[in-house]
Amino acid sequence: MPNVVKGHIHPTTQLIARICDCLGKIGFEAVTGPEVTSEKLNFDVLRIPKDHPSRDVQDTFWTKDGRVLRTHTSAMQIPVMENRKPPARIIIPGRVYRNEATDATHEATLYQVEVFAIDKNITMTNLVWTIQYLLKELFGDSIETKFYPHHYPFVEPGMDVLIKWKGKWLEVLGSGMIHPQVLENMGVNSGEWSGFAFGLGADRFMMLQRALGDIRISYSSDLRFNYQF
Amino acid sequence: MIIPKDWLREFTKDINQDNVVEDLFGLGFPVEEESQEYIDIEVTPNRGDVFSIHGAAREINAKNGYATGLYQEYEVGGFKNKSDIVSIDENAGSAVLRYAYLVAEVDVRASDELVCRRLKQIGLNAKNNIIDITNYLMHESGQPLHAFDLDKINQIRIGFAEDGNNITLINGDTLKLSSNTLVAYDNERIVDLAGVCGAENSSVDNNTKKVLIQAAIFDPATIRRTSKSTTTITPASMRYERGVDYNLPPQVITKCAKLFEQWGYRIIDKVDLKLMPQEAIDINFDSSDVESIAGIAVDSSVVNKSLNDLGFSTDGVITVPSWRRYDINCKQDVVEEVLRIVGYDKLIPAELTPAPAIKNSQAFHSGIIQAMTAAGFTEVWNYSFLSDKEADALGTDKNSLVEITNPISSENKYLRPSLLPKIAKAIASNPGFDKVSLFEIGNVFIDNMETTKVAAISTSAKSFNGSLINHKPLLIGPDSEIGRCYKLRKSVYFVEIAIDSIQADDDGIVANNNQYREISKYPAVVRDISVLVRPEVDVRTVAKSIVNRYQFVLLAEPFDEFESTKFNGNKSISLKIIIQDLNSTLSAGQADTMLDQILDYLSSEYDAKLRT
């Protein structure tokens with residue numbers, strides 16, 4: 001008889017699989033990279049300079065040897081493009097770390113997915129389309145979305161995306177056109193190429209999809225949680 | 001930032017007040033809270049110019065088609081350009097961009113009701129009319145002001161402190177200073193933490209008769225360094241860090257002087273030292289840039305009006321207004337300005353050009369996950385940090401561990417060099433399950449090497465037979481270091497290898513839509529059931545139908561399935577059922593009743609017979 005006991009796959013892994021499959025269909029390639037990186041790659045090349053309050057938005061863990069636990073998967077933007085020439089369509093899933101007090105909705109260990117595309121004549125309307133395409137796959141065709149301006153140092157114009165969830169508008173991801181300076185830092189000629197980028201918190205998306213209220217349970221290995229999926 | 005609504009209305013008279021909240025969202029300032037009296041908005045680090053009532057009003061008016069000016073009713077003039085009181089040390093030359101001030105003879109009183117009420121709304125206590133008006137005008141205009149008692153000091157010399165200097169602030173706290181903190185000296189005494197907070201020794205009190213009101217522009221990075229090194233954050237330091245409008249000082253000193261005159265004070269002197277005049281920032285931009293970046297065409301008349309209302313001049317090149325010089329430097333910034341007025345809702349989705357599909361399972365090791373789950377191992381996610389105790393139990397040389405300088409707690413001092421020990425903890429912390437096989441894929445850290453590994457652990461060594469990780473597992477007993485660290489009750493078997501060393505075929509992971517059912521705080525009851533069913537019945541379908549039907553079932557886990565000639569062509573399936581109540585501990589009797597319900601259901605739905 002086939003093995004009756006089948007293991008369960010972590011719900012966030014299942015989510016990453018869906019995201020990578022969905023975006024894979026339109027030519028996006030998933031790439032992973034190191035969780036411990038340099039201050040330069042995590043901040044400086046993304047236009048988050050040391051003496052600027054934009055550094056305060058993400059509290060950072062430092063290692064004794066002067067490296068940084070990446071605060072966002074955007075830290076991979078420059079390394080990914082080091083050995084690639086545009087056009088490029090990339091997904092970067094991975095763990096990130098924030099030096100924050102933990103509670104039901106805040107964790108120090110998080111899982112993010114970064115998505116970016118660089119091509120000729122990519123515009124914000126392409127970004128809007130790509131985000132809606134992904135959100136419909138994850139939440140159903142009838143999901144309502146709203147777009148507002150927001151500032152992130154590595155994109156310009158920048159944008160926040162909200163979905164209507166149980167009657168309320170929830171901000172679920174940040175996005176924008178890759179800043180020309182960041183494109184240059186990637187070795188990409190910003191006069192010739194443009195790009196968009198967006199990032200989402202996979203834990204948060206999983207919690208919405210599965211009706212989980214406390215993020216800490218996801219990392220607790222409590223089998224009464226893991227076996228439910 | 002809190003914006004009292006009646007204060008805002010002073011600057012936004014011509015607009016529809018009902019739309020203000022939506023306008024703010026549409027401009028990029030999310031409203032975090034709204035009450036009858038105020039709106040609380042998020043101001044991002046690039047927009048120091050909106051850290052004021054006037055700044056927010058300017059944005060809202062532009063969204064509604066109006067341009068605004070600050071304090072237009074006051075004619076700015078009559079400032080001298082030399083000072084007998086204020087000087088700047090040579091080595092502090094690049095830290096002070098402008099310094100304007102007035103000197104007045106005063107008598108200190110209580111503030112009027114309006115000022116007291118508005119200060120309270122923004123979270124400040126009223127102290128006296130001099131200190132209060134500096135806070136009031138700062139919150140209104142965005143220009144930090146500071147009041148010195150001119151009978152307590154003779155000069156204001158801006159320079160850097162020396163390592164080991166002290167300052168006692170207005171609130172009585174004493175801070176240690178260092179050579180990167182900007183201060184004001186009166187001869188050798190330190191009388192102000194420049195741009196951050198005033199000192200006790202020069203502060204205005206009820207007996208003050210002569211004041212100097214300072215409106216200065218400091219270099220943002222310098223003030224940020226002071227704020228960080230003294231761990232002091234004030235409304236003034238927050239504004240300076242983000243960059244204050246170079247043109248504000250004389251405007252705000254003018255308004256302050258008018259108010260003082262209304263109060264019957266004599267203005268002795270007004271000085272404006274334009275130490276580092278700012279060159280205009282011009283940007284090459286054309287209306288067609290909107291379409292190439294945003295993807296929608298906006299008429300050039302709309303582009304120009306939007307920019308003009310926001311304070312940009314559009315004569316050939318785009319000239320950036322003085323309050324946006326810290327934020328606007330390329331044509332992409334200008335495009336965002338146009339879109340903020342026009343509205344991001346005008347962005348119509350445009351499909352990406354088609355590209356060949358890519359199969360992505362390698363990046364998240366889908367083949368390995370499929371192989372492990374097929375062999376009965378459940379995937380867990382654990383934290384990446386270890387404590388000293390755990391590192392000791394693991395026995396790794398601490399010199400090769402990656403140590404965090406600022407961990408959230410001492411429990412999280414190191415990065416894991418291995419997926420052990422946390423995966424062993426996972427077994428120990430699930431005593432309610434006696435046969436457990438788990439795996440984890442994650443990164444581990446030794447010195448400056450980071451490797452992706454897969455680790456598997458099981459209560460039975462046999463679980464590894466025929467699985468993808470077919471290595472001889474390591475036995476970890478309850479008396480081992482790790483066993484004692486986590487109080488393991490029985491032996492477990494463990495394997496860990498680099499992910500690169502194995503390959504697995506891959507059909508893609510199938511995700512389900514299972515919703516999380518809350519785990520009760522109260523003890524659950526666990527019952528194993530074995531029933532006979534026809535061979536074509538899928539045990540997983542049975543399990544799922546039990547969970548879907550009965551809210552009190554937390555889990556229904558299949559754990560056995562076999563055929564036997566004794567069963568007359570049927571097969572036996574066994575499931576572990578966990579029954580719980582969210583609000584109480586179940587009695588054995590209650591659990592039995594619930595179990596009977598389940599068995600009745602299985603009997604009617606699947607013709608299942610309880611095995612005796």
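Helices (H or I, at least four residues) and strands (E, at least two) are DSSP runs here, numbered from the N terminus.

A few ground rules first. This is a predicted model, where local features need pLDDT of at least 70, side-chain atom pairs count only at pLDDT 80 or more, and totals for chains, interfaces and linings use all residues. Residues are numbered from 1 along each chain as its sequence is written, chains are lettered from A and ligands numbered from 1 in the order in which they are written, and side-chain values use heavy atoms, with hydrogens and water left out.

B:T181 has a relative accessible area of 0%, so it counts as buried (under 20%, against over 50% for exposed and in between for partly exposed; 1.4 Å probe, protein chains only). A polar atom of its side chain lies 2.7 Å from the backbone oxygen of B:S178. Leaving aside residues up to four places away in sequence, B:T181 touches B:G159, B:F160, B:A161, B:T226, B:S229 and B:T230, where contact means heavy atoms within 4.5 Å.

Zooming out, chain B has 17 helices and 27 strands. Its radius of gyration (over C-alpha atoms) is 35 Å, well over the 25 Å from the globule rule (2.2 Å times the number of residues to the power 0.38) for 612 residues, so chain B is more spread out than a compact globule. Along the principal axes, the C-alpha atoms of chain B fill a box of roughly 110 × 60 × 50 Å. Buried residues make up 55% of the 612 in chain B.

Now for the interface of chain B and chain A:

| Item | Value |
|---|---|
| Residues from chain B | 102 residues |
| Residues from chain A | 100 residues |
| Buried area | about 8,600 Å² |
| Salt bridges | four |
| Polar contacts | 50 residue pairs (both at pLDDT 80 or more) |

Buried area is the accessible area (1.4 Å probe) that two parts lose on being put together, summed over both. Carbon and sulfur atoms give 58% of it here. In chain B, B:L352, B:W381 and B:Y516 lose the most area to chain A, together 11% of what that side buries.

One salt bridge (a side-chain nitrogen of Lys or Arg within 4 Å of a carboxyl oxygen of Asp or Glu) joins A:D51 and B:R225 at 3.1 Å, N to O. A polar contact is a pair of N or O atoms within 3.5 Å; within protein, one must be able to donate a hydrogen and the other to accept it, and residues adjacent in sequence count only if both atoms are side-chain atoms.
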